[in-house]
Each structure stands twice: as C-alpha cells, then as structure tokens.
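User: I would like to learn how to read strand pairing, cores and helix faces from a model. Please take me through one case.

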Amino acid sequence: MAQRTSAPEELRRIRTVGTVFSYFAGVVVVLVAGTAILNELGISVAPILATAGVAGLAIGFGAQSLVKDYFTGFVLLVEDQISAGDVVEILGQTGEVEEVTLRYVRLRDGDGYVHFIPNGEIKSVVNRTRGHAYATIDAAIQGHEYVEPACAAMREIAADLRKDETYASKILADVEIFGVERWELWGVGVRCRLKVLPFERDSVRREFTRRLIAEFDRRQIKSP
C-alpha cells in the first residue's frame, strides 16, 4: 500500500494502521501457536477454552474501561481521525502524535513531555495538520488613517512571499484581508490570513510578520 501512494498523510495512516495490525496479528499467532503446542503435548484444550470463556466474561465485566479503550481506538483508526505524525489537541494536551494503538495515543508536547492518553477518555479531537491551515496575522496601528496603507502593505508582502522560492510552495491561496478587527483605546487592530500547508503555518506567519514590520517602517505606518 505504501508503494502505491506518495501522499504524506496516507503514508502516516498506513504506518499507523500497519503497527496496530502487526500487534493484533502477533496476539492471534501466539494464541493459535499455544493451542497447537498444547494439543501436540496431548493436553486437551477444550476445558481450557471453556474456562477461558468464563474467565473472559468475568474479566469483561471488570475491565469495561479497557474494552472501551480498544473499541474507541479501533474507531479512531478506521475513521482516520488521528495518525502518527499529526499535531492534535486531546483533553487539553497539544502535541505531535508519536504512536496510536488500540489502547492509547502517545502524544509529545512542545516541552518534550510525553502524554499517554487512553482512547476511552477521548471525547473530541482537534487535528491541526489535515489538508490545510490558516496563518493569521494581526497588526496594530495607531489610527484609522493608517488602515488602507496597512492593508496595502499586507497585500504586497503576501504577493512577495508567493514569488519567493522558499515560501511559494507553502502558501496555497492569495491573502485574505479582513480589515479592521479591533478598535481600542490604544489604536486599531488589522487582520489578514494566508491559507498554507498544515506544518508551515508558524513559519509563514513569522516570516510574514517580520517583513510586515519592515514594510510598516518603510511606509511610515505608526504603531500604538
């Protein structure tokens, strides 16, 4: 399957699902092999299987949360909500998904801490790296007379970035100018945004802001 696609998201999903199926296949092989070995040794497996069935029923009642974890993990994988390599927010924790199993999601946050989140506890998932993202830039100016020059500066910076070899492939559409977003005692807030590749949101936003500061200075647009 990996040889038939080159899409990064598909490759991550294939690796994630492959890991889970390898784990599941390992469990099945061990059970079947164990049963075959006992049978070769002349030990009847029928009483063992009957006992295992009763024990499994009792364990099932006592380990409902574990069953819930496995069921939710299976749904997460089938619906492709999370894949290894995604940046997600789960239960208030944000970070990169390092591993997805039927039991838990392993998440590493921006400080390098690792979080193991049981699948059964997951109620909602915010996936920040699917398809595209938006780099939103807010600029503060001193008064209303600078609104149009500020918007013109934003358009010019966006056009330059789309021509830049480093950033052209990261930006997916022309800039959207929202105009005045806030009107406060300190001045006026102007906002725009760029549609970008998911993993490039911060790098594009930082470069846009850096260039915008210089352009404001060149146009003598005063900040508060």
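Analyst: This is a predicted model. Arg-106 stands opposite Phe-116 in β4.

User: What is the general idea behind strand pairing?

Analyst: Strands of a sheet pair through backbone hydrogen bonds, in a parallel or an antiparallel sense. Here the pairing is antiparallel, and five strands form an open sheet in the order β4-β3-β2-β1-β5.

User: Which strands are at the edges?

Analyst: The edge strands are β4 (114–118) and β5 (126–127), as each pairs on one side only.

User: How many bridges join β1 to β2?

Analyst: Four bridges join β1 (residues 87–90) to β2 (residues 93–100), and these strands run antiparallel. Val-88 has Gly-95 in β2 as its bridge partner. The hairpin of β1 and β2 has two residues between the strands, and Leu-91 takes a positive phi near 50° there.

User: And how many bridges does β2 form with β3?

Analyst: β2 and β3 pair over five bridges in the antiparallel sense. Glu-96 has Arg-108 in β3 as its bridge partner. The hairpin that joins β2 to β3 passes through three residues.

User: How many aromatic pairs does the structure hold?

Analyst: The structure holds one aromatic pair. Tyr-104 and Phe-116 form it in an edge-to-face arrangement, at 5.3 Å centre to centre with 70° between the planes. The pair links distant parts of the chain, with Tyr-104 in strand β3 and Phe-116 in strand β4, twelve residues apart.

User: Are Tyr-104 and Phe-116 buried or exposed?

Analyst: Tyr-104 counts as partly exposed because its relative accessibility is 24%. Phe-116 has a relative accessible area of 52%, so it is exposed.

User: Which residues touch the most other members of the largest nonpolar core?

Analyst: They are Ile-141, Leu-194, Phe-208, Leu-212 and Phe-216, in a core of 27 residues. At least two residues of this core come from each of β6 (133–141), α4 (147–163), β8 (187–196) and α5 (201–219). The largest share, eight residues, comes from α4. There is also a second, separate core of 13 residues, which includes Val-20, Ile-82, Val-88 and Leu-107.

User: What does Ile-141 touch?

Analyst: Leaving out residues up to four places away in sequence, Ile-141 touches, among others, Tyr-146, Val-147, Ala-150, Val-188, Phe-216 and Pro-224.

User: Where does Leu-194 lie, and is it buried or exposed?

Analyst: Leu-194 lies in strand β8. Its relative accessible area is 0%, so Leu-194 is buried. With residues up to four places away in sequence not counted, the contacts of Leu-194 include Tyr-134, Ala-158, Ile-171, Val-204 and Phe-208. As a contrast in distance, the C-alpha atoms of Leu-194 and Ala-36 are separated by 61 Å, and these residues are 158 apart along the chain.

User: What does β8 pair with?

Analyst: β7 and β8 pair over seven bridges in the antiparallel sense. Trp-183 has Val-188 in β8 as its bridge partner. The two strands, β7 and β8, form a hairpin with two residues between them.

User: What span does α4 have from its first C-alpha to its last?

Analyst: The general check is to compare the span with the one expected at 1.5 Å a residue. α4 has 17 residues and reaches 25 Å, close to the expected 24 Å.

User: Which residues of α4 are buried?

Analyst: In α4 the buried residues are Val-147, Ala-150, Cys-151, Ala-153, Met-154, Ile-157, Ala-158 and Leu-161. They cover an arc of only 155° around the axis, so they are on the same side of α4.

User: What covers these buried residues, and which exposed residues does the face turned away carry?

Analyst: The cover over the buried residues of α4 includes β6, β7 (176–184), β8 and α5. The face turned away from the buried side carries the exposed residues Glu-148 and Lys-163.

Notes
Residues numbered from 1 in each chain as written. Predicted model: local features only at pLDDT ≥ 70, side-chain atom pairs only at ≥ 80, totals over all residues. Heavy atoms only, no water. Pairing = 2+ DSSP bridges. Core = buried A, V, L, I, M, F, W, Y, C linked by side-chain atoms within 4.5 Å. Buried < 20%, exposed > 50% of the residue type's maximum accessible area, 1.4 Å probe, protein only. Contact = heavy atoms within 4.5 Å. Expected span 1.5 Å × (residues − 1). Arc of directions from axis to C-beta. Phe/Tyr/Trp six-rings, centres within 6.5 Å; stacked < 30°, edge-to-face > 60°.
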